[in-house]
Amino acid sequence: MEEPKVKKTFPVKPKLKPKPRTPKQTPESKYWSSFKTQQIPNLISVPSLTFSPTSPHSFAAAHSATLSIFSSQTLSPTATISSFSDAVSYASFRSDARLIAASDLSGLVQVFDVKTRTPLRRLRSHTRPVRFVHYPLLDKLHLISAGDDALVKYWDVAEETPISEFLGHKDYVRCGDSSPVNSDLFVTGSYDHVVKLWDVRVRDSKSVVQVNHEAPVEDVVFLPSGGMVATAGGNSVKLWDLIGGGKLVFSMESHNKTVTSICVGRIGKDYGEESNGFRILSVGLDGYLKVFDYASLKVTHSMRFPAPLLSVGYSPDCSTRVIGTSNGIIYAAKRKMKEKEKENEESESSLFWRVAPVQEHTEKQVLRPSHFRYFHRGQGEKPSEGDYLVMKPKKVKLAQYDKLLNKFRHGEALVSVLESKNPGNVVALMEELVARKKLLKCVSNLDLENLELLLLFLHKYCTMPRYSSLLMGLTKKVLQLRADDIRASEILKSLVRNLKRSVEEEIRVQHSLLEMQGIISPLLKIAGRR
């Protein structure tokens, strides 16, 4: 009876091949992946990074007894200030970015002209190293400083004298920040685990609100609303509601070691609705950068660097991110230019449509289905809403053994796939032949050379767990069907001996595993009862 000619139009594919795991990319992960990182080497430990508040948003890096200013466009140094007698600990730009204040471990605070790098003021009052200096927002005349003497000072820069001294911390004051909505309010964090909110208008210099971080505080920042602060210390970043009297809102503890620095950054609206808003960026001694969405109270992105991280900064225009390390390398990352170019093109086009006059013949240029040119558009033309798309089916590429299988030349297909030396494809074709009830017939009709090829394949793969369910049964059938041919050939005998040794070795390994399982199972049951 003639065999029905049913054409198979799809290739044979391995069914047991494990699928690779591809992590799902969210709009937020795509956003942070769009930053291209490059290294700025040959520095010494970088404890402070700060961005200029005005365009083009240069950034200053404190390293050793030097303060370097880098361009955020080229990431190359544009100025170097070396008028320090000790290591620089912190720097802060004034709101107009014309001046920059810097503190060092000698206890001195200096104010420099950014363009000429000339020291304009030297503020001396701290008796111990100064760890923090900051210009209040929209205040060009005053400075806040704090240090290892546990004192917080409010300076009149022009007179080079402290107007107020704020007492209350019992250990080193290492960080602080000024309110984004009120220049009279600022916070400081200390190694006494306490963060204090100060008001320069309060005469007795007492803190307005204080919170306990329960670990030495390494950094503190105001959130953009001005009513909340984020504190970093130990392995946690905590959010506090100052308007509610210092109530703890949330504690993020995804770092494994001390969190050394945090900053607040805004991400663009071009990566979906879920990625709009502000994020807290934190770095720690574990080498991780964490991005925390404090609106949804979850970590949205994480990145590992090969060194302990000491400082982090993020530009106000969302284009540059910098991270300082303990080994003197700055990891500076910029958004890829494709996104910026696209935004520029969109802005230019929108500007053009705002400026260009409306032409009367615009309607005539619109292609309609009644026009001949409508049907001669290029393949790159994007379909309009309501268009019916006629898709061409993709041509399926078939391997040689698939073509032979389509012609029902089963024996030749088996030989062809064995020569390809791809075990997944071989097993897939064998399963197809089993479904067609032709596998044993193909094995019986193999000549000695191709039988040798089959035995070599079985010796190599029959004990692999992925293929053993089919190949072990096939091995037994091959030995039964071709016993006479194997006895007559020395080469086939040696292959069968090798096959036997590999099967015996697999059986021995399985027995050993069963013995180990018998020993471990009672111990696990005892541990479970306890």
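Q: Are Arg279 and Asp293 buried or exposed?
A: Both Arg279 and Asp293 are buried in this predicted model.

Q: What do their side chains do?
A: The side chains of Arg279 and Asp293 meet in a salt bridge, at 3.4 Å from N to O.

Q: Where in the chain do these two sit?
A: Arg279 is in strand S23 (residues 277–284) and Asp293 is in strand S24 (residues 288–293). The two are 14 residues apart, and the pair links distant parts of the chain.

Q: Which residues make up the network that Arg279 and Asp293 join?
A: Glu28, Arg279 and Asp293 form one network, joined by salt bridges that share partners.

Q: How many salt bridges are there in the whole structure?
A: A search of the whole structure finds 16.

Q: Which residue does Glu214 form a salt bridge with?
A: Glu214 forms one with Lys238, and their closest N and O atoms are 3.8 Å apart.

Q: What does that pair tie together?
A: Glu214 lies in the loop between S17 and strand S18 (217–222), while Lys238 lies in strand S20 (residues 236–241), so the pair ties together parts that are 24 residues apart in sequence.

Q: And is Glu214 buried or exposed?
A: Glu214 is exposed, with a relative accessible area of 61%.

Q: Switching to sheets. What is the strand order in the open sheet of four strands?
A: The order is S14-S15-S16-S17, with antiparallel pairing. The edge strands are S14 (173–178) and S17 (209–212), each of which pairs on one side only.

Q: How are neighbouring strands turned against each other there?
A: By 20° on average, with direction ignored.

Q: How many bridges join S15 to S16?
A: Five bridges join strand S15 (residues 185–190) to strand S16 (residues 194–199), and the two run antiparallel.

Q: Last topic, the surface. Which residues form the nonpolar patch?
A: The patch is formed by Val509, Leu513, Met516, Ile519, Ile520, Leu523, Leu524 and Ile526. Together they have about 740 Å² of accessible area.

Q: Where does Ile526 lie?
A: Ile526 lies in helix H10 (residues 490–529). Ile526 is partly exposed, with a relative accessible area of 40%.

Conventions. Residues are numbered from 1 along each chain as its sequence is written. This is a predicted model: local features need pLDDT of at least 70, side-chain atom pairs count only at pLDDT 80 or more; totals for chains, interfaces and linings use all residues. Side-chain values use heavy atoms; hydrogens and water are left out. Patches are made of residues with over 30% relative accessible area and no salt bridge: like charges are joined within 9 Å, nonpolar side chains (Val, Leu, Ile, Met, Phe, Trp, Tyr) within 5 Å. Accessible areas come from the Shrake-Rupley method with a 1.4 Å probe; for residues, only the protein chains shown count as cover. A salt bridge is a side-chain nitrogen of Lys or Arg within 4 Å of a carboxyl oxygen of Asp or Glu. Buried means under 20% relative accessible area, exposed over 50%, partly exposed in between (1.4 Å probe, protein chains only). Two strands pair if DSSP finds at least two bridges between them. Axes are lines fitted to C-alpha atoms, for helices over the stretch in contact, and angles run from 0 to 180 degrees between N-to-C directions.
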